[in-house]
Amino acid sequence: MQKASATHLASTDHQAAAKEIKLLVLDIDGTIAGHSNTIREPVKQAIFAAQARGIQVAIATGRMYRSALRFHQDIGSTLPLMAYQGAWIQDPIAQKIHRHWAVSREIAHQLIDYFEQPELRSLLSVHFYINDQLYVRELTKETEIYAERSGVIPIPVGDLRQALTNEPTKILALSDDTDLIDKLLGNLRRQYTPAELYLTTSVATFFEATNASVNKGTAVRYLAEELLGLELANVMAIGDNFNDVEMLEYVGLGVAMGNAPAAVQAIAQWVAPSVEEDGAAVAIEKFLL
C-alpha cells in the first residue's frame, strides 16, 4: 500500500484524518519525554484531547516495562504497554503478559563473549534484562546515569553468565563513543541475520539486541490487528529514532520528530517539531484535533 506524501498529508482535511485514526502509538524518549524525563503539559493535554475524541493511545518503547509504566499511567492509557521494542507486551491493569519474546541463552552467551573481547571490554557497559530486572557486570558511570533516568536499580553480578538462569528479554551495550556503537551494530549485523537477532539503536549511544521476531512494527500490528481489530489506516504513530522505523513504516500515518536522524525523518510522512518544542502535541493537534 503506497502511503500519501507529506505534502498531500499537509493538505488533508484534519477531520477526515481524525475520523480514520482510532489508535495513536507513542514512543517515550525523544518523542513525548525530552531532557526533563517527564511528559510536558502541552503534550499531555493533546493526548487527553485525542482520547476525549475516542482515540485510544498506547506506548511503544525500548524501555523496560517497569521503567515505562509511569508514562503509561501519566497518559491514562487502558491498552497493553509495548516495552523492550515490543518484546514484552503487558496489560498493566489485568497484569496479563500478552507476549514475551526473549533472546536464546546460546546467543546471549555469544554476545557476552563478543563484548568481553579485550579491545571492547573496558569501553562498554553491558546490560542484560531478565524478568524485567536489570543485570550488569559492574556499576559504571553510564549505567548509573541510565539507571537514574530509568528509575530502576541495577543488579551487579560480576560475570553476566551467572544471570542467565532465564533467557534475557533484551541486551544493551552502552558507550559514549557513538562511532563504537555504529561499528558494533555493523559488525554484529554481519554476524547475525535478521532471522537470528533484531539489532537496533534507540539513541546514538545504545546498541540493542532482541529476539528476531521483535520490533515496534510487529508489536503495533499485534495490538492494532489482533487485539483491537483495526487496520493500518486506523493507526498513527510518532517516534524519533531507528528503533521506531518499523513502526513508522507499518502505520497508516507515521510521524517523525524534528530531533530524529535524517534517515528516520525520510521514511515518515510528516516531521513534527522537536521534543523540546512539544512536537508530539503539534502533530496530535494537526492530524487528530
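Analyst: Two strands pair if DSSP finds at least two bridges between them, where helices (H or I, at least four residues) and strands (E, at least two) are DSSP runs numbered from the N terminus. The model here is predicted: local features need pLDDT of at least 70, side-chain atom pairs count only at pLDDT 80 or more, and totals for chains, interfaces and linings use all residues. Residues are numbered from 1 along each chain as its sequence is written, and side-chain values use heavy atoms, leaving out hydrogens and water.

User: How do you know that strand 1 and strand 2 pair?

Analyst: Strand 1 (residues 23-26) and strand 2 (residues 56-59) share four bridges, in the parallel sense. At least two are needed, so they count as a pair. For instance, Leu23 has Gln56 as its bridge partner in strand 2.

User: What makes strand 12 "mostly covered"?

Analyst: Five of the five residues in strand 12 (residues 235-239) are buried, meaning under 20% relative accessible area with a 1.4 Å probe, protein chains only (exposed is over 50%, partly exposed in between). Val235, Ala237 and Gly239 sit on one side, while Met236 and Ile238 sit on the other. Strand 12 also pairs with strand 1 in the parallel sense over four bridges, and Val235 is the bridge partner of Leu23 there. Another four bridges join strand 12 to strand 13 (residues 253-256), again running parallel.

User: How do you know that the buried residues of helix 8 line one face?

Analyst: Leu180, Ile181, Leu184, Leu185 and Leu188 are the buried ones in helix 8 (residues 178-191). Looking down the helix axis, they fall within an arc of 140 degrees (taken from the directions from the axis to the C-beta atoms), so they share one face. Over on the other side, Asp179, Lys183 and Arg190 are exposed.

User: What makes strand 3 and strand 5 edge strands?

Analyst: They belong to an open sheet of three strands with the order 3-4-5 and antiparallel pairing. Strand 3 (81-83) and strand 5 (96-100) each pair on one side only, so both are edges. Strand 4 (residues 88-91) pairs with strand 5 over four bridges, and Gln90 has Ile97 as its partner in strand 5.
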